[in-house]
Amino acid sequence: MGPRNPKLDLITLHREARLFAGSLVFAAVALPLIVWISGRTLLGTYANGGMLAILGDYLGLLSAGSTAAWILLFAPYVLLAALRLAAWGAKRF
């Protein structure tokens, strides 16, 4: 193994940080709205109000430490990481 390139490591770290931040923003804003739309389509109206109510409830659950809310927050990044790992493994074989 040759010497590591610290600039390349910094670029990789920056890319991972952007992917992580983007997935957190998506999970904090868009994912609850997607859940609201699919729930409204399949189950009917949301009992606590409209689209913004579910977003407020979700952020409230996050601040309260709800396990389900935190899983929903990190799920997009974990899924993306798993897909990238699977693609990397497929390339190696």
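**View 1. Phe74, a partly exposed ring.** At 32% relative accessibility, Phe74 counts as partly exposed. Partly exposed means between the limits for buried (under 20% relative accessible area) and exposed (over 50%), with a 1.4 Å probe and protein chains only. This is a predicted model: local features need pLDDT of at least 70, side-chain atom pairs count only at pLDDT 80 or more, and totals for chains, interfaces and linings use all residues. Residues are numbered from 1 along each chain as its sequence is written, and side-chain values use heavy atoms, without hydrogens and water.

**View 2. Stacked rings of Phe20 and Phe74.** The structure holds three aromatic pairs. Phe20 and Phe74 form a stacked one, 6.1 Å centre to centre with 15 degrees between the planes. Phe20 sits in helix α1 and Phe74 in helix α3, so the pair ties together parts that are 54 residues apart in sequence. Rings of Phe, Tyr and Trp (its six-membered ring) pair if their centres lie within 6.5 Å; planes under 30 degrees apart are stacked, over 60 edge-to-face, and the rest tilted. Helices are DSSP runs (H or I, at least four residues), numbered from the N terminus.

**View 3. Edge-to-face rings of Phe20 and Tyr77.** Phe20 is partly exposed, at 32% relative accessible area. The ring centres of Phe20 and Tyr77 are 5.0 Å apart and their planes stand at 85 degrees, so this pair is edge-to-face. Phe20 belongs to helix α1 and Tyr77 to helix α3, so the pair ties together parts 57 residues apart in sequence. Tyr77 is partly exposed, at 21% relative accessibility. Phe20, Trp70, Phe74 and Tyr77 form one aromatic cluster.

**View 4. A nonpolar patch on the surface.** Phe20, Trp70, Phe74 and Val78 form this patch, with about 340 Å² of accessible area together. Its largest share, three residues, comes from helix α3 (residues 67–92). Phe20 is found in helix α1 (residues 6–43). Patch residues have over 30% relative accessible area and no salt bridge; nonpolar side chains (Val, Leu, Ile, Met, Phe, Trp, Tyr) are joined within 5 Å, like charges within 9 Å. A salt bridge is a side-chain nitrogen of Lys or Arg within 4 Å of a carboxyl oxygen of Asp or Glu. Areas come from the Shrake-Rupley method with a 1.4 Å probe; for residues, only the protein chains shown count as cover.

**View 5. Ser23, a buried residue.** Ser23 is found in helix α1. At 8% relative accessibility, Ser23 counts as buried. Its side chain reaches the backbone oxygen of Phe20 at 2.9 Å. Leaving aside neighbours within four places in sequence, Ser23 is in contact with Leu73, Pro76 and Tyr77. Contact means heavy atoms within 4.5 Å.

Conventions:
Helix = DSSP H or I, 4+ residues; strand = E, 2+ residues; numbered from the N terminus. Polar contact = N/O pair within 3.5 Å; in protein donor to acceptor, adjacent residues only side chain to side chain.
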